[in-house]
Structure formats: structure tokens, C-alpha cells
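Hello,

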Amino acid sequence: MQTDIRVDISRAKSAAVGKEHGIAPAELKEIEPDILAIHKILRKERKDKAYGFYDLHKDKESIKNVKAIAEKYRAFGYDNLVVLGIGGSALGITALNTALNPAYYNLMTKRGRKGNPRLFVMDNIDPVSFRAMLRLCNPKKTLFNVISKSGGTAETMSQCMIVLDILEKKLGKKAVKDHLVITTSPKEKGAPKSLLHPVVKAYGLDSFGIPINVGGRFSVFTPVGLFPAAMLGMDIDEMMKGCAAMDKRCSQASLMDNPAYLRAAVQFMMDKKKGKVMSVMMPYVDGLRDVADWYRQIWAESLGKKFSLDGEEVYAGQTPIKALGATDQHSQVQLYREGPNDKIFNILEVARFDKTMRIPEALKNVKELEYLRGVTMNKLMNAELRGTLDALKASGRPVIRTILPRINAHTLGQLLYMLEVETAMAGRLYNVNTFDQPGVEEGKVIARSLMGGAG
Ligand code: PA5
């Protein structure tokens, strides 16, 4: 059975969409030496452990620890898992949950959820939705997981303060440790100080450290994503195997053998040579809709930089956009086909849906619906996808297809790992610091000082 994800750039080539909007074979050849040179830099950075996201699937100790602590809390049989975190501390588990849990998971009975808790990811400070979550989640039956790498983010800390107060008042100080787990900067030399460390100590909480060399948006395979995933009963061993399989492919120096490098090279050239300043990720499968959200962050925060690595003002970056097929055919595709030709399209596909839905022999007296009778929604979705692909091609709009054989823990591990390596390569092609986010940090400081805090 085919388990590998496939990347197909044929519809981004000049042969498909013309020279003005597509990449010519000579252009791919031209970028190869840059890819090779950057490959060496990335390998060295990895070897020097400058960036740790590459090797998380090999960290057996950390994975074992995540599973052990998850087992402890799963034994409590809680109804709810509430993640309090924002940005890189929230988007990974949201993507995994949408992909790997059934649709409308939270509405299912506990039995239907195989005894696993419902998941609420609170990544905002809207008082209306926060109150609504609190009304739904009886603290006695809820585990809260506060996730903040810096341990100082105002949004997450405010949520943490509210929840701590509720737990203490309703269940007593001693019980807090059974309902709150912290994921933050590790308590080790050289690690940034987290305001959550004293909380862990004061209440005797279980906690996880996020490796210093892994940034927020690259942290889905640290306890940031893996602990909630394990709490929800996801197969994290399979996920790690998926990462390992993709790691092997992404360790190839050659552009044509390395799907991450190929995607990075095409998207970069699209921006720099073909005026595709936006990158639309459009899954044709509901389960991957939040992968597009996760990708939006990693692509935006990693590449959107004022300065190059040489200190020059460059204002780099390609604006990521998320869409969903077939839904957004009725909302966005008009613009995508007939508006400015300034976008590269990333279509995510699944070769086989897990379920089949047959359209019945209904409305027999309506002759015009004959083509729908007795076929499957699967076939219709495929036809819609094909229609969009061909319509985009006819309008000279370049497309990269990424095809998953199935949606499961293994392919999700592959997909997210590939997109991380793609981002690392793209950052170097743009010659920017992929792994910092000065623009975000500045906003955090301003908000804190406006509230009368330090900064
Ligand atoms: O990628 C990043 O570093 C950011 O998006 C962070 O994940 C986000 O700002 C949240 O930060 P923290 O986890 O420190 O609360």
C-alpha cells in the first residue's frame, strides 16, 4: 500500500501555464546550485543543534515521558481537555485534531469518542468564548494544559490566571495538580525564564519543557502538540514514524528527490520571478482545513521579515492564504481565476477518503439531477477538484499538488514535517532569519506596557 505523500509540480511548470507564470526546466536547473549550497548550511545547523525541530521524532525519552504523563491523566477519565495557548502553542494540536479525530468530535458521546476527552483549544481572549468554554467544562471533569514557550504571553497568562482561580476556589489548592499541566520553557541553564515555573512549583504540577532550540511554530512534535495528542488517544508512534519517513526523503540534497526543497524552490521562484506574492493553501478535504491554518502561521512568521541575514532592508515574505475546496469554489475561485495572477496555489488532496457517501436514487422526476443519482460524494468531490485544477490551468494559474494516500497519524507526521523543512529551506532562499519573530515580540511588549506592565 502506498504510504508516501506525493508532491506534483507539473501544473506549476511553463509547459502547463506558460512561460510568464510557470517555471521553465532551465529555471529549475538554475536554482539547483543554491539549493545544494543551502542544503549544506541546513545540514550543518542541524548537526550543531541550532534548530531542534528536525530531530524531535528521535527523542525517545521525551516521547516516552509524554505518553506516561498522558496515561496518568487519561486514567482520571476526564471529559474535557482544554488547551490554553496561542500561535505555535495552539495551531499544531488544532490541525492534528481536525485531521485525526472525526468531524464534530466534541459533539459525540464519550463512548463515541472511545472514552477520550473533548478538546477545546482556547487561543484567544474573547471574554464571550472563554466564558462559554467555562460553562461547558466542569472543572472537576477537566484537565487544563497551559502552553507557552516564553511563559509570559499576556493572552495565555490571563487565561491561566482565570483557570487557576476557578480551580482553587472550586476544588481547593491541593486538587489543582490533578487538573493543570504546564508546557513551557525548560528549567535548564540557558533557557529563558518562564513565569509559569513558579506556578509549577507552587502547586506541584506536572510540566513539560519545550526544547530551547525549537521555536513555537516548529513545536508541534514537542510536548506542545504531542501531549494533547496523546491525551486524545492519537497514535503518536505512527506520527513519529511518518516524520522519520519524511526526514529520510528531506535529507536528500537533490531538488527533485526532496519534496520539501522542491516545494520551497517553486514557491520562492513563483514569488521572485513570476510575481506570485501570495500562496493559497486549499485542501480538498475537510480534515486538512486546519493544516492550512497551521501552515499560514509558519509561512508568514518565518518568511515575513524586514531585514535579510546581511542586515539589508528587504521586506521579504509571501502572504499565505487559506481556503477550502469545494466550499471556496463558491467564494474565492472567481477571484483566483479572473483576478490578478499573483498567487501560487497549494492544493492538498487525499487519494482515498476513509468513508464513502452514496447519493441515493432520489428526486427521480428531476431529469437534470440524473448525473448525481447513484454516484458517491467521493466522486463528486474528485470531479470538483479536477474541475478547479483544470480551470486554474486554463487561466494560467500555477498549482502545486500535494497528495496524501490517506489521512492518518503517519501521513500527518509526514506532511507537517515536510512543510517545516520546506519553510527552513525557503527562509534561506529568501536569505532571512526563519526562526525569529521580532514583529510578534514587539507587539507583545507594546500590549504589556499599555496594560501597565513591564516593557
Ligand atoms: O512561533 C512563535 O514563536 C509564536 O507564534 C508563538 O508560538 C506565540 O507567540 C506564542 O508564544 P508562547 O508560546 O511563548 O506563548
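Two residues are in contact when they have heavy atoms within 4.5 Å of each other. On that basis, among contacts in the chain with a separation of 6 or more, 78% are between residues 24 or more positions apart. Please keep in mind that this is a predicted model.

Overall fold

The chain is made up of 455 residues, and its radius of gyration is 23 Å, which agrees with the value near 23 Å for a compact globule with that number of residues. The C-alpha trace spans about 65 × 65 × 45 Å along its principal axes. Secondary structure comes to 15 helices and 12 strands.

Buried residues make up 51% of the 455 in the chain.

Threonine 183

I looked at one residue in detail. Threonine 183 is part of strand β5, which covers residues 180-184. Its relative accessible area is 0%, and buried means under 20%, so threonine 183 counts as buried. The side chain of threonine 183 makes a polar contact of 3.2 Å with the side chain of asparagine 145. Beyond its neighbours within four places in sequence, threonine 183 has contacts that include Asn145, Val146, Ile147 and Ser148. Phe208, Ile210, Pro223 and Val224 are also in contact with threonine 183.

Regards

Technical notes. Residues are numbered from 1 along each chain as its sequence is written. This is a predicted model: local features need pLDDT of at least 70, side-chain atom pairs count only at pLDDT 80 or more; totals for chains, interfaces and linings use all residues. Side-chain values use heavy atoms; hydrogens and water are left out. Helices (H or I, at least four residues) and strands (E, at least two) are DSSP runs, numbered from the N terminus. The radius of gyration is taken over C-alpha atoms; the globule rule is 2.2 Å times the number of residues to the power 0.38. Buried means under 20% relative accessible area, exposed over 50%, partly exposed in between (1.4 Å probe, protein chains only). A polar contact is a pair of N or O atoms within 3.5 Å; within protein, one must be able to donate a hydrogen and the other to accept it, and residues adjacent in sequence count only if both atoms are side-chain atoms.
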